Amino acid sequence: MELSGIIAYLVSLAIMAGIYAVFSLGLNIQWGYTGLFNIGIAGFFCIGAYTSALVTTPMPKGVYAQYVHQLFGLNMPFIVGLLAAAVMCGLIAYLIGIPTLRLGEDYLAIATLGIAEAFRLVFNNEPWLANGPRGLMGLPQPFQNLVEPRNYNYVYLVIVILVMIGVYIAIEKGIRSPWGRVLRAIREDEISAAMSGKDIFHFKMQSLVFGSMVMGLAGALYAHYTKAISPNVFTPLYGTFIIWVMLMAGGSGNNKGAIVGAYVIWGIWIGTKFATDLLPYTLKARAPYIRFLLIGILLEIILLYRPQGLLGEEKRVSKWIE
Amino acid sequence: MLELFIYGIVLGGIISLGAVGLTLVYGIIRFANFAHGDLMTGGAYIALFLVTGLLSWIGVPDVIFSPLSFGVRMVIAFPIAMFLIGCVAIITDRILFKKLREKKSSAVIMAMSSLGAAFIMRMIILIIWGADSLFYRPGVLRPALDLPLHVKIRPDQIFILVAVSVLIAALHIFLNNSKMGKAMRATADNMDLALVSGIDTERIIIWTWGIGGALAAAGGMLYGIDVQLHPYMGWNFLIPIFAATILGTIGNMYGALVGGLVIGVAQQMSTAFLLPTYKPAVAFVIMILILLIRPKGIFGGSS
């Protein structure tokens, strides 16, 4: 392979890992700082991606309209798609939070899991909504005229990195504020936080909504990167499980860890692809399962032997305390 | 409608077998076991290996109990698969959950670990058998019996109802009459009191996993007989069995039984109005409604 090919490949890797890093940061708000057990990330992934797709694509016209059905197409700019994705995910998180956040942490897990499966079913079975299992194609990409198409990934990498840094700064600010300290207090000991006069339900809700909005951003970034989405992308494996492994590997409760984890695990994931390419032909069809098996075993090893992850949680909580 | 109701009872029976095991684990070991659905899948596939592989190699005759769609091999495979999946559940506990308990990890970490275990089990099944749907006996005709009131039912479905009833009755007798069963109920009620009374909780935990796993395997095999085998079958059962468990109050075996039947009937009846693919979503909506109205389930005290 030529050098330029290798660099292009690394850039595409960095974009996907960057998108996953945004997911991992969103999950870090919920799990790392508040202890909310969201195992339906794929649902927010799906909603974020579809919302942005519907907001930014034009309504199909002419012959095209016979093949593509969608509820609406607003033909808005990319940034509006991103924001709409975040708002929509926040709204859905709020609705899930109402019945579950007053109950034990398992209930939120089961409910988020259910909502992720339900969204996939709806997008698959309702062709009028977003073209059913065939999904939507031809999503617009921002600043497309800036460079040649073959160099476009560099532009998108910059966009992803900027979003990632923006989210990172926002979470760091939030978490080092009194608000962030309440979240951590809730995670450590709900009852004592409540006895200090903190409204547990509302703080948990804010954390759930904030984290889900970040996940919506990431879902939209993914949609405009691949330019085509269909419901079967958003499976529990690619949409939820791998993100959990990223956060646990990097270190939950640490935003740098969330980013490092995303890059490390995505690197391992791609690396195992090269390894399974060496397998005999008959086993190749099963290669993705072997790779996920390894990722699953990795998660168990982390949980058993290094639950704090690579970086672990930072102890410093305020910029005033050294 | 009556027909759908009866199909719902059949599906509900299978859900109940999963839910009863889940609620026992939930009540005694106190975490949400997300691997329970995949134990069901595991049971179905081990039976597949026995029926189409091992038992035919060692020369067990392929006699079918007409009009049922299965025969001698399945009757032999059924208890073996239940036993093996019980062992798988116990081994998973020894490898993962026991260590996490000793490290005093929280229930959420154990639930996450079970999610990982679920994925590992499913990937092993996918690596060995691939992603296609499979049958215990492909191509066999399965005519339905015409019952009064325009109800068509397959003999297999009647068998499933009988099998579920027998398994639940056996569990009922075990829990009420054996020493181990009584100790299990005591532990579910109050673990500290059970410890003080000299009950060996580690032994209870082993029995709980064994029974939970075996019942899940039975549920998976019955679903395989009724419909088909698929690597994601158990995962698709996860929401219904959690819904049944919560509906019937976590830790309450009879509640899980009732919950399973209610969810199964609701799922089948919904196919009169909705696409059948929405069945998991129906269970999910019921679960959300229970959480809103009565989060402790029908057999729990008011919250």
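Modeller: At about 65°, α1(B) packs against α9(B), and their axes are 8 Å apart. Axes here are lines fitted to C-alpha atoms, for helices over the stretch in contact, and angles run from 0 to 180 degrees between N-to-C directions. This is a predicted model: local features need pLDDT of at least 70 and side-chain atom pairs count only at pLDDT 80 or more, while totals for chains, interfaces and linings use all residues. Residues are numbered from 1 along each chain as its sequence is written, with chains lettered from A and ligands numbered from 1 in the order in which they are written.

Colleague: Is the crossing of α1(B) and α9(B) left-handed or right-handed?

Modeller: Right-handed. The rule: a crossing is left-handed if the near helix is turned anticlockwise from the far one by less than a right angle, and right-handed if clockwise.

Colleague: Which residues make the contact?

Modeller: From α1(B), I15(B), S16(B), G18(B), A19(B), L22(B), T23(B) and Y26(B). From α9(B), F237(B), P240(B), I241(B), A244(B) and T245(B). Two residues are in contact if their C-beta atoms, placed from the backbone, lie within 7 Å. By class that makes eight nonpolar, four polar and no charged. Ala, Val, Leu, Ile, Met, Phe, Trp, Tyr, Cys and Pro count as nonpolar, Asp, Glu, Lys and Arg as charged, and the others, Gly among them, as polar.

Colleague: And how do α1(B) and α10(B) cross?

Modeller: The axes of α1(B) and α10(B), residues 253-270, come within 6 Å and cross at roughly 145°. That crossing is right-handed. The contact of α1(B) with α10(B) has 16 nonpolar, ten polar and no charged residues.

Colleague: Zoom out. How many helices and strands does chain B have?

Modeller: Eleven helices and two strands. Helices (H or I, at least four residues) and strands (E, at least two) are DSSP runs, numbered from the N terminus. Along the sequence the pattern is α-α-α-α-β-β-α-α-α-α-α-α-α. The radius of gyration of chain B is 19 Å, close to the 19 Å the globule rule gives for 303 residues, so chain B is as compact as a globular protein of that length. The radius is taken over C-alpha atoms, and the rule is 2.2 Å times the number of residues to the power 0.38.

Colleague: What share of chain B is buried?

Modeller: Buried residues are 53% of the 303. Buried means 20 or more other C-beta atoms within 10 Å of the residue's own, exposed means 12 or fewer, and partly exposed is in between, with C-beta atoms placed from the backbone.

Colleague: How many helices and strands are there in chain A?

Modeller: There are 14 helices and zero strands in chain A. Its radius of gyration is 20 Å, close to the 20 Å from the globule rule for 322 residues, so chain A is as compact as a globular protein of that length. Buried residues make up 47% of those 322. The C-alpha trace of chain A spans about 65 × 45 × 40 Å along its principal axes.

Colleague: Now the interface. How many residues of chain B are in contact with chain A?

Modeller: 29 residues of chain B, against 31 residues of chain A. On the chain B side, α3 (72-102), α4 (107-129), α9 (233-247) and α11 (279-293) each give two or more residues. α4(B) gives the most, with 13. That side divides into 25 nonpolar, three polar and one charged.

Colleague: What about the largest nonpolar core?

Modeller: It has 208 residues. A core is a set of buried Ala, Val, Leu, Ile, Met, Phe, Trp, Tyr and Cys residues joined through C-beta atoms within 7 Å. Those with the most contacts inside it are V22(A), L217(A), A47(B), A81(B), I85(B) and A243(B). Helix α1 of chain B, residues 2-29, gives the largest share, 15 residues.

Colleague: Loops next. Is F34(B) buried or exposed?

Modeller: F34(B) is buried, with 26 other C-beta atoms within 10 Å. F34(B) lies in the loop between α1 and α2 of chain B. Leaving aside neighbours within four places in sequence, F34(B) is in contact with A111(B), S114(B), L115(B), A118(B) and L238(B).

Colleague: Where is R30(B), and what is its phi?

Modeller: R30(B) is in the loop between α1 and α2 of chain B. Its phi is near 65°, a positive value in a residue other than glycine. R30(B) is partly exposed, with 15 other C-beta atoms within 10 Å.
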